[in-house]
Amino acid sequence: MREMRRIIIAGAIGLVLIVLLSISPHLSSHIKIRVAEVFTPVQKVFYAAFSHLGGVAEGIGRVIRAARLNRSLEEENIFLTREVLRLKEVEKENQGLRALLDFKKKSPYRNIPAQVVGRDIRNWYQSILIDKGTAEGVEKDAAVVSARGVVGRIIEVAPHTSRVLLIVDRNSRVGGVLQSSRLSGIVEGLSGDICVIRYLPRRSEIEPGEEVLTSGLSRIYPPGLRIGKITRVYSEKFEYQGQYADLAPAVDFDRLTRVMVLVEQNQF
Amino acid sequence: MSYPVRRPFQRLSTARGRRWREGLALFTLLVISIALQGALSSAFLSGGFRPDLVLIVVVSWGLKKGWKGGLVAGLSGGFLGDAFSAGMLGSGAISLAVAGSLVVLLSRPLYRKHFSTKIVLVAGSCLISSLVYYLLLILFRTPPPGPWVWKEVIWPHFWQTVLIAPAWLWVAGKVMGE
């Protein structure tokens, strides 16, 4: 009798797990984010504490790196001073043109500031949890950015918690465009700190160091946001596939503490 | 006339109470492990440091309570962990339950009380859980390519967990009253 009971319990557990794996991703996401929301306060405390710890370690590293960087920054400063003067001229010209066209400056996005409360606990995925949800106006598939550039998009939402799929995740796809050559491709995640931009034209000249911005072709990300810089360029095996290049993301995902969720104004 | 004095929480001293206390200790340890696991990467300059603290707790619990204990701890820890990951619900629960129970069953001939044996068992369970997780991805989702999985997931998961295993096994042992 006891043995029978054990078999029934084990069978029931197995059945529940098979059902869990087979249910629709939408329902499974809903359950997951609701469970995560319950434990978010604990996660928040730990993440804040370890971020401070990381800040101290980073501070020591910065002092060492600062001495090396100082010389190159002085040279860059001279170049940038000239560049600022040139841009001031461009700005004046731009103001004049705007006034001429009676251009109304209006952002189509509503910005929702949020705090990062935790990272994905598994190496299989690259995602973060933030402390804002539907109650604050966050919606699924909204773009998430930081001061440095694109962070990712919302994949799961609860009333006060959301999960963001980072652009470095293997399942992430962002439409990208090279800033100077205006060549476009698809940016895919590769690992924790590298992305790859694919489907670039085969015979085009692409230089490492070139900035990649969002193209705005996908409906999720607004155009002109920084994604990262090209580090290496390769050719695909077959000619029709074109070239591809490794990309160092502009955002340092390990130091990420504050982000901004961009929600389209007309939807909210 | 004397009255029997009922001490507060008197019932907790019974065998049933002990089980509840142990269950509560396991649950607290699992929640703290998950919270720590999600926060650890922010403390390191190089980033991506995500040792599987939950797995260490599951193995530790399994060695103390037998394969059924490993199964229960794996299921509950894995299910909680699934909520803190972008992966599919139930995959972590199954992989940890299999790793937690299988490692206990396979290690029967070994002297499991020795600390170094426990570390070896954590290392073994790391590989088992990763392989089961990959198998589930093959069965239910589109799996990533094998070389990528080894380089980006299994190997970092393995060395990071083994590196932190001595410290977290010690913490788990203290909380579980070993």
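In chain B, residues 24 or more positions apart account for 66% of the contacts with a separation of 6 or more, where two residues are in contact if their C-beta atoms, placed from the backbone, lie within 7 Å. The model is a predicted one, in which local features need pLDDT of at least 70 and side-chain atom pairs count only at pLDDT 80 or more, whereas totals for chains, interfaces and linings use all residues. Residues are numbered from 1 along each chain as its sequence is written, while chains are lettered from A and ligands numbered from 1 in the order in which they are written.

The secondary structure of chain B consists of 6 helices and 0 strands, giving the pattern α-α-α-α-α-α along the sequence; helices (H or I, at least four residues) and strands (E, at least two) are DSSP runs, numbered from the N terminus. Of the 178 residues in chain B, 47% are buried, a residue being buried if 20 or more other C-beta atoms lie within 10 Å of its own, exposed if 12 or fewer, and partly exposed in between, with C-beta atoms placed from the backbone.

Helix α3(B) is mostly covered, with 15 of its 17 residues buried. The end C-alpha atoms of α3(B) are 24 Å apart, which agrees with the 24 Å that its 17 residues should span at 1.5 Å a residue, the expected span being 1.5 Å times one less than the number of residues.

Helix α6 of chain B holds Val149(B), which is partly exposed because 19 other C-beta atoms lie within 10 Å. Leaving aside residues up to four places away in sequence, Val149(B) touches Tyr134(B), Pro144(B) and Ile154(B). By contrast, Trp170(B) lies 21 residues from Val149(B) in sequence and 30 Å from it in space, C-alpha to C-alpha.

The contact between the chains takes 38 residues from chain B and 38 residues from chain A. On the side of chain B that touches chain A, at least two residues each come from α1 (15-40), α3 (67-83), α4 (91-106), α5 (115-140) and α6 (146-175), and α1(B) gives the most, with 8 residues. By class, this side of chain B has 23 nonpolar, 12 polar and 3 charged residues, where Ala, Val, Leu, Ile, Met, Phe, Trp, Tyr, Cys and Pro count as nonpolar, Asp, Glu, Lys and Arg as charged, and the others, Gly among them, as polar.
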